[in-house]
Amino acid sequence: MDFNAAKTFILEKLNKELPPYLSYHSVEHIMDVYRACEMLAEAEGISPEDRKLLLTAALYHDAGFLRQQKDHEALSCDIARQHLPAFGYTPAQVEAICGMIMATEIPQSPRNKLEEIICDADLDYLGREDFYKIGGKLYEELCACGVLGSVEEWNKLQARFLENHSYFTQTAIRLRRQKKQQHLAEVRSKIQPG
């Protein structure tokens with residue numbers, strides 16, 4: 001498998017073709033998930049071969065946004081199935097990558113260690129110092145798409161999301177859970193009573 005060529009191909013495509021209103025689901029987000037996957041794979045002892053599959057899934061997991069927002073995970077898999085064989089990925093490798101991509105759909109449903117890692121990487125920021133900065137980009141995007149109309153709606157959505165979210169890997173639980181709980185308490189404190 002030519003991982004570097006597959007990486008270059010999708011990053012060039014995303015840089016050129018992603019709609020500009022996607023302030024959160026951007027190349028910056030994809031590279032953030034990629035870096036989180038690298039960190040978690042290292043800490044969780046993932047083999048070099050599996051690491052390449054995981055990182056490929058990270059690069060392709062939101063490629064469906066090139067077409068549309070709804071069901072973007074399935075569309076990301078279509079793009080992976082269409083292009084990865086040209087870079088020497090076997091059918092089994094492509095299906096493992098698609099399993100990882102589909103696991104990131106909310107609510108997350110990982111079935112193995114690699115799927116757990118990409119799920120944790122996709123929402124790594126929930127337990128980091130840059131939570132508000134990254135969350136602000138998601139707020140902008142949801143407003144641009146007409147999903148949200150006020151900061152109060154956003155705070156309620158965030159509180160529900162944080163309440164229902166759990167990290168899967170021991171590494172993410174150790175590194176991110178406490179800070180995520182702190183963010184949840186802060187977001188709850190901003191919601192108007194009643």
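**Helix packing and local features of the predicted model**

Helix H3 comprises 13 residues and spans 19 Å from its first C-alpha to its last, close to the 18 Å expected at 1.5 Å a residue. The model described here is predicted. The buried residues of H3 are Leu-53, Leu-54, Leu-55, Thr-56, Ala-57, Ala-58, Leu-59 and Tyr-60. These buried residues pack against H1, H2, H4, H5 and H6.

The packing of H1 with H3 was examined next. Two packed helices are described by the angle between their axes and the distance between the axes. For H1 and H3 the angle is about 10° and the axes lie 10 Å apart. Angles under 35 degrees count as roughly parallel, and H1 is therefore roughly parallel to H3. On the H1 side, the contact involves Phe-3, Ala-6, Lys-7, Phe-9, Ile-10, Leu-11 and Leu-14. These residues meet Lys-52, Leu-55, Thr-56, Leu-59 and Tyr-60 in H3. By class, nine residues of this contact are nonpolar, one is polar and two are charged.

H1, which covers residues 3-17, also packs with H2, which covers residues 27-43. The axes of these two helices come within 10 Å and cross at roughly 150°. Because angles over 145 degrees count as roughly antiparallel, H1 is described as roughly antiparallel to H2. H1 contributes Phe-3, Lys-7, Leu-11, Leu-14 and Asn-15 to the contact, and H2 contributes Val-27, Ile-30, Met-31 and Tyr-34. Seven of the residues in the contact of H1 with H2 are nonpolar, one is polar and one is charged. Glu-12 is also placed in helix H1. With a relative accessible area of 45%, Glu-12 is partly exposed. The C-alpha atom of Glu-12 is separated by 9.6 Å from that of Val-27, and the two residues are 15 residues apart along the chain.

A further contact of H2 is with helix H9, residues 170-190. The axes of H2 and H9 come within 9 Å and cross at roughly 120°, which makes H2 oblique to H9. Met-39, Leu-40 and Ala-43 of H2 meet Thr-171, Ala-172, Leu-175 and Arg-176 of H9. The contact of H2 with H9 has five nonpolar residues, one polar residue and one charged residue.

The largest nonpolar core has 58 residues. Those with the most contacts inside this core are Cys-37, Leu-59, Tyr-60, Leu-84 and Tyr-89. H2 gives the most to the core, with nine residues. When neighbours within four places in sequence are left aside, Cys-37 is in contact with Leu-54, Leu-55, Ala-58, Ile-117, Ile-118 and Ala-121. Of these contacts of Cys-37, Leu-54, Leu-55 and Ala-58 are among the buried residues of H3. Leu-59 and Tyr-60, listed among the core residues with the most contacts, are likewise buried residues of H3.

Helix H4 has 12 residues and reaches 16 Å from its first C-alpha to its last, close to the expected 16 Å at 1.5 Å a residue. The buried residues of H4 are His-72, Glu-73, Leu-75, Ser-76, Cys-77, Ile-79, Ala-80 and His-83. Their cover includes H1, H3 and H5.

Asp-71 is located in the loop between helix H3 (48-60) and helix H4 (72-83). Although Asp-71 is not a glycine, its phi is positive, at about 55°. The relative accessibility of Asp-71 is 43%, so this residue counts as partly exposed. The peptide bond joining Ile-106 and Pro-107 is cis, with omega about 0°.

Ile-134 belongs to helix H7, residues 131-144. A relative accessible area of 14% makes Ile-134 buried. Not counting residues up to four places away in sequence, Ile-134 touches Tyr-24, Asp-32, Tyr-125 and Arg-128. Ile-134 and Gly-146 are 12 residues apart along the chain, and their C-alpha atoms are separated by 19 Å.

Key: Residues are numbered from 1 along each chain as its sequence is written. This is a predicted model: local features need pLDDT of at least 70, side-chain atom pairs count only at pLDDT 80 or more; totals for chains, interfaces and linings use all residues. Side-chain values use heavy atoms; hydrogens and water are left out. Axes are lines fitted to C-alpha atoms, for helices over the stretch in contact, and angles run from 0 to 180 degrees between N-to-C directions. Helices (H or I, at least four residues) and strands (E, at least two) are DSSP runs, numbered from the N terminus. Angles under 35 degrees count as roughly parallel, over 145 as roughly antiparallel, 65 to 115 as roughly perpendicular and the rest as oblique. Contact means heavy atoms within 4.5 Å. Ala, Val, Leu, Ile, Met, Phe, Trp, Tyr, Cys and Pro count as nonpolar, Asp, Glu, Lys and Arg as charged, and the others, Gly among them, as polar. Buried means under 20% relative accessible area, exposed over 50%, partly exposed in between (1.4 Å probe, protein chains only). The expected span of a helix is 1.5 Å times one less than its number of residues. A nonpolar core is a set of buried Ala, Val, Leu, Ile, Met, Phe, Trp, Tyr and Cys residues joined through side-chain atoms within 4.5 Å.
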